[in-house]
Amino acid sequence: MNIIVSKSRLSGAITVPGSKSHTIRALLLATIAEGTSHIKNPLPSADCLSTAAAVPLIGSKIDLNLSTEGEPGTEWIVDGAGKNLHLPDDVVNVGDSGSLLYFLTPIAACFEGTSVFTGDASIRKRPVLHVVDALNQLGAKCFVTRPGSNGCPLVITGSIKKGGTVRTPGEISSQYISGLMMAGILTENSVKLELSNPKETPYLTMTQKWLEKVGVKCQISEDFKHIEVTPCKSFKGFDVTIPSDWEGVAFPLIAALITDSKITIENVDSSGTQGDDAIVEILQSIGGDIIWKKDEETLTVAGGKCSKDGIGRLSTENLPNGELHVNISGFPDAVCAISAIACFTEGTVVIEDAAVCRRKETDRLKVLNVELSKLGAEIEEREDSLIIHGHSPVLKDGSPNPAFKMHGGVCESYDDHRMAMSLACLGLGLSETENLIINDAECCSVSFPHFYDVMNKIGANYKEEV
């Protein structure tokens, strides 16, 4: 479907769904566990449902508590495979989930026999040779089926059961590192990971905390270059409530700041296990009116005429050299949201150390440059960075800024959920005479089911093109 976006004012309270990263880890570890686990507030997104469909192939049973309409419930029950965990008994189709692909392949490699992984057209373009190399270092015989390709279908033969040491850069993605960490539960000896250039390190900490939660010993050096996981013969099922997804929080957050809006985002994760929470400090540094009450787990966000000064102008002028520099390597999924709000910020925003963003659902640096430029943005795309020369819609006195040139148009989502949501939020801040159309906008369901309906309830006024 295509979505039409026009200027809106937001008000009220919104709750963001549970974290995709936490939900997928919970499902995998509940599958490895002995006994029953209860997962509350899971994210019923496409990626998480792909995981729920895949883990029974290695031995667990899952009850999604489906409604009469077929909607997943708010508590999922997993009967773990425990000692009966086994090789996947069918080809594993991960759909569009890179997380599932990179997490489950090392786990499957712990068993003798052959596993086959594939996915949709997007997944078959995602790089996997780094996974091949890592698993082969541990004794597997892993290869891709298409000569000269760096994507699925991926075949794993043999076993990494003995454990050992893997030397790998770690820069392509943190996800396969997390997968190797979880596989370390099942090996006979410790799995040691030597990373020369670790990226997305908050997600490695998240995996460590999950392992420790279920009783698995995991050590990570301060520089994240040395990781060791000690095998665990068994652990029991668990009860957990999945915190809200900071990657999803980013979108109503930026939408409120670029419009005359005031909203409260509820059930905000204040545990510090999601690196994307860095966006709050980043936006506050350019003048964002944001109050984070960690004890109440709420964010109150005010933009434009609803902000404290009644203007809500965002600017980099008070930062060193008048520029905002964001090292995005620790939370690359925020690149779309930060790029969108940079277009409404007076000054230069430099998104650095961003090469990993090219290896997501799409090459996000390239497509952000293409799509935002269509709408009037001034962007420089470099190998591992984006430089955005933005302008606030208003001057310091609140009067219109003639330098602000953002306008409507027709944009592509590239079937990338974060591209679609960032463009949908950007369109809310355009002038009343401008509309933005986003093609193939339904992909939001990958991480934020019913995104448009949820945002409409606080005033977004998204309409489906007919």
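Colleague: Why is Phe448 called buried?
Modeller: Phe448 has a relative accessible area of 1%. Buried means under 20% relative accessible area, exposed means over 50%, and partly exposed lies in between, with a 1.4 Å probe and protein chains only. Phe448 therefore counts as buried, and Phe451, at 1% relative accessibility, counts as buried too.

Colleague: On what kind of model do these values rest, and how are residues numbered?
Modeller: This is a predicted model, in which local features need pLDDT of at least 70 and side-chain atom pairs count only at pLDDT 80 or more, while totals for chains, interfaces and linings use all residues. Residues are numbered from 1 along each chain as its sequence is written, and side-chain values use heavy atoms, with hydrogens and water left out.

Colleague: How many aromatic pairs are there, and what describes the pair of Phe344 and Phe404?
Modeller: The structure holds 7 aromatic pairs. Rings of Phe, Tyr and Trp (its six-membered ring) pair if their centres lie within 6.5 Å; planes under 30 degrees apart count as stacked, over 60 as edge-to-face and the rest as tilted. The ring centres of Phe344 and Phe404 are 5.3 Å apart with planes at 50°, so this pair is tilted. The pair links distant parts of the chain, 60 residues apart: Phe344 is in the loop between H9 and strand S20 (345–352), and Phe404 is in the loop between strand S22 (385–390) and S23. The labels H and S denote DSSP runs numbered from the N terminus: helices (H or I, at least four residues) and strands (E, at least two). Both Phe344 and Phe404 are buried.

Colleague: What makes the pair of Phe448 and Phe451 edge-to-face?
Modeller: Their ring centres are 5.1 Å apart and their planes stand at 75°, so the pair is edge-to-face. Ring pairs also join Phe448 and Phe451 with Tyr452 and Tyr462 in a cluster.

Colleague: How do you know that Asp47 and Lys20 form a salt bridge?
Modeller: A salt bridge is a side-chain nitrogen of Lys or Arg within 4 Å of a carboxyl oxygen of Asp or Glu. The closest N and O atoms of Asp47 and Lys20 are 3.2 Å apart, and the two residues form a salt bridge. The pair links distant parts of the chain, with Asp47 in helix H2 (residues 46–54) and Lys20 in helix H1 (residues 20–32), 27 residues apart. Asp47 and Lys20 are both buried. The structure holds 16 salt bridges.

Colleague: Which salt bridge do Asp416 and Arg364 make, and where do these residues lie?
Modeller: The side chains of Asp416 and Arg364 meet in a salt bridge at 2.8 Å, N to O. Asp416 is in the loop between strand S23 (409–412) and helix H11 (417–427), whereas Arg364 is in helix H10, 52 residues apart. Asp416 is buried, with a relative accessible area of 0%, and Arg364 counts as buried at 0% relative accessibility. Arg364 also meets Asp333 in a salt bridge (3.1 Å, N to O). Asp333 counts as buried at 11% relative accessibility. A network of salt bridges links Asp333, Arg364 and Asp416 with Glu200, Glu247, Lys360, Glu361 and Arg418.

Colleague: How do you know whether Asp276 has a salt bridge or none?
Modeller: For this test Lys and Arg count as positive and Asp and Glu as negative; His and the chain ends are not counted. The nearest side chain of opposite charge to Asp276 is Arg418, 6.7 Å away, and Asp276 is buried with no salt bridge. Asp276 lies in the loop between strand S15 (262–266) and helix H8 (278–285). Contact means heavy atoms within 4.5 Å. Not counting residues up to four places away in sequence, Asp276 touches Tyr203, Trp246, Glu247, Phe331, Asp333 and Ala334.

Colleague: Why is Gly163 called buried?
Modeller: Gly163 counts as buried because its relative accessibility is 12%. Its place is in the loop between strand S9 (154–157) and strand S10 (164–168). Gly163 and Ser190 are 27 residues apart in sequence and 5.6 Å apart in space, C-alpha to C-alpha.

Colleague: What joins strand S3 to S14?
Modeller: Two strands pair if DSSP finds at least two bridges between them. 3 bridges join strand S3 (residues 36–40) to S14, and these strands run parallel. In S14, Val240 is the bridge partner of Ile39.
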